[in-house]
There are 2 protein chains.
Amino acid sequence: MTDEGDENGLAAALGLIGQRWAMLVIRCLLDGPKRYGDLQRELGVPTNILATRLRELQDAGVLYRLPLAHNQRAYALTERGLALRAALEALAAWGRTGRNSSPS
Amino acid sequence: MTDEGDENGLAAALGLIGQRWAMLVIRCLLDGPKRYGDLQRELGVPTNILATRLRELQDAGVLYRLPLAHNQRAYALTERGLALRAALEALAAWGRTGRNSSPS
DNA sequence: ACAGCGCACTTGCATTTTGCAAGCATGACG
DNA sequence: CGTCATGCTTGCAAAATGCAAGTGCGCTGT
């Protein structure tokens, strides 16, 4: 019964985290919670894009804000965000292959 | 060593297949070679975008053109493209979760 | 032969997303 | 009170994306 509607699993995933920089931000946060400036410096992402992505990913339930001090807060992954580790590492592993093996 | 060496892989992967529709096209081709019109109908992707993506993915070594008849050709994944199956299925599996969950 | 059809694209233009640079708000600190 | 670091927002240009219509090309029917 319930035929495989899995054709949309990917579309659903990309609808949530398919925007530019989104997966990079998530992967960066897999190392642990980080602050806005850290993400900016580590990824080199434009600041307005970063702010937008963080809002969207928070709405998507992938990460949440973690207040620290007066002007400092951190961003951390939710369980749903952490569940992306396997998928993102698979993608990263693929990206690492296809480097020209040897510059003969 | 001169450069970071341990570069992300994820960034490399997204540089190749991170464009809109690219992963959907690849996932569609995991079922086997298909023709232009098939991809268009199955995915609902705009025709100019599809043409652009197919060219880019071909350049990326992910798929190749397979001539059939006079005005018909098929697109099929290379080994590099087929190697994406695990990653895309992991992403699709993640996308399938969280549809019917209890709001925390 | 030639009009018409289906297939695989291309082209023109509007809309949306992305990027760069600069500015704003806030609280700490001198 | 002025300056600083941090975390954003805003203005505007460039690029990507999307829609619709058009192009080329071989085949088919008459």
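Student: By class, how many nonpolar, polar and charged residues does the surface near DNA strand C have?

Tutor: This is a predicted model. In it, 18 residues surround DNA strand C. By class, that surface has five nonpolar, ten polar and three charged residues.

Student: Which residues are the closest to DNA strand C?

Tutor: A residue counts as near the strand if its C-beta atom, placed from the backbone, lies within 6 Å of it. Of the 18 residues that surround DNA strand C, the closest come from chains A and B. They are A:Arg20, A:His70, B:Arg35, B:Gly37 and B:Asn48.

Student: Which helices each supply at least two residues of the surface near DNA strand C?

Tutor: Chain A supplies residues through helix H4 (47-59).

Student: Which residues come nearest to DNA strand D?

Tutor: Around DNA strand D there are 18 residues, divided into five nonpolar, ten polar and three charged. Helices H3 (36-43) and H4 of chain A, together with H4 of chain B, each supply at least two residues of that surface. The nearest residues are A:Arg35, A:Gly37, A:Asn48, B:Arg20 and B:His70.

Student: How many residues does the contact take from chain A and from chain B, and which element gives the most to the side of chain A that touches chain B?

Tutor: The contact takes 26 residues from chain A and 26 residues from chain B. On the side of chain A, helices H1 (7-17), H2 (22-29) and H6 (85-96) give two or more residues. The element that gives the most, with ten residues, is H6(A).

Student: How do the residues of the side of chain A that touches chain B divide by class?

Tutor: This side of the contact has 26 residues from chain A. They divide into 17 nonpolar, five polar and four charged.

Student: Why can the copies be said to meet through the same surface?

Tutor: The test is whether interface residues of chain A are also interface residues in chain B. The copies meet through the same surface because this holds for 96% of the interface residues of chain A.

Student: What pattern does chain A follow along the sequence?

Tutor: Chain A has six helices and three strands. Of its 104 residues, 30% count as buried. Read along the sequence, the pattern is α-α-β-α-α-β-β-α-α.

Student: Which strands of chain A are the edge strands of the sheet?

Tutor: The three strands form an open sheet in the order S1-S3-S2, with antiparallel pairing. An edge strand pairs on one side only. The edge strands are S1 (34-35) and S2 (63-67) of chain A.

Student: What angle does the direction of H2(A) make with that of S3(A)?

Tutor: Five bridges join S2(A) to the antiparallel S3(A), residues 73-77, and A:Leu63 has A:Leu77 as its bridge partner in S3(A). H2(A) packs on this sheet and touches S1, S2 and S3 of chain A. Its direction makes about 95° with that of S3(A).

Student: How many residues lie between S2(B) and S3(B) in their hairpin?

Tutor: S2(B) and S3(B) run antiparallel and are joined by five bridges. The number of residues between the two strands is five.

Student: Which residue in S3(B) is the bridge partner of B:Lys34?

Tutor: The sheet of chain B has the order S1-S3-S2. Two bridges join S1(B) to S3(B), and these strands run antiparallel. The partner of B:Lys34 is B:Tyr75.

Technical notes. Residues numbered from 1 in each chain as written. Chains lettered and ligands numbered in written order. Predicted model: local features only at pLDDT ≥ 70, side-chain atom pairs only at ≥ 80, totals over all residues. Helix = DSSP H or I, 4+ residues; strand = E, 2+ residues; numbered from the N terminus. Nonpolar A, V, L, I, M, F, W, Y, C, P; charged D, E, K, R; others polar. Contact = placed C-beta atoms within 7 Å. Buried ≥ 20, exposed ≤ 12 C-beta atoms within 10 Å, placed from the backbone. Pairing = 2+ DSSP bridges. Axes fitted to C-alpha atoms, helices over the stretch in contact; angles between N-to-C directions.
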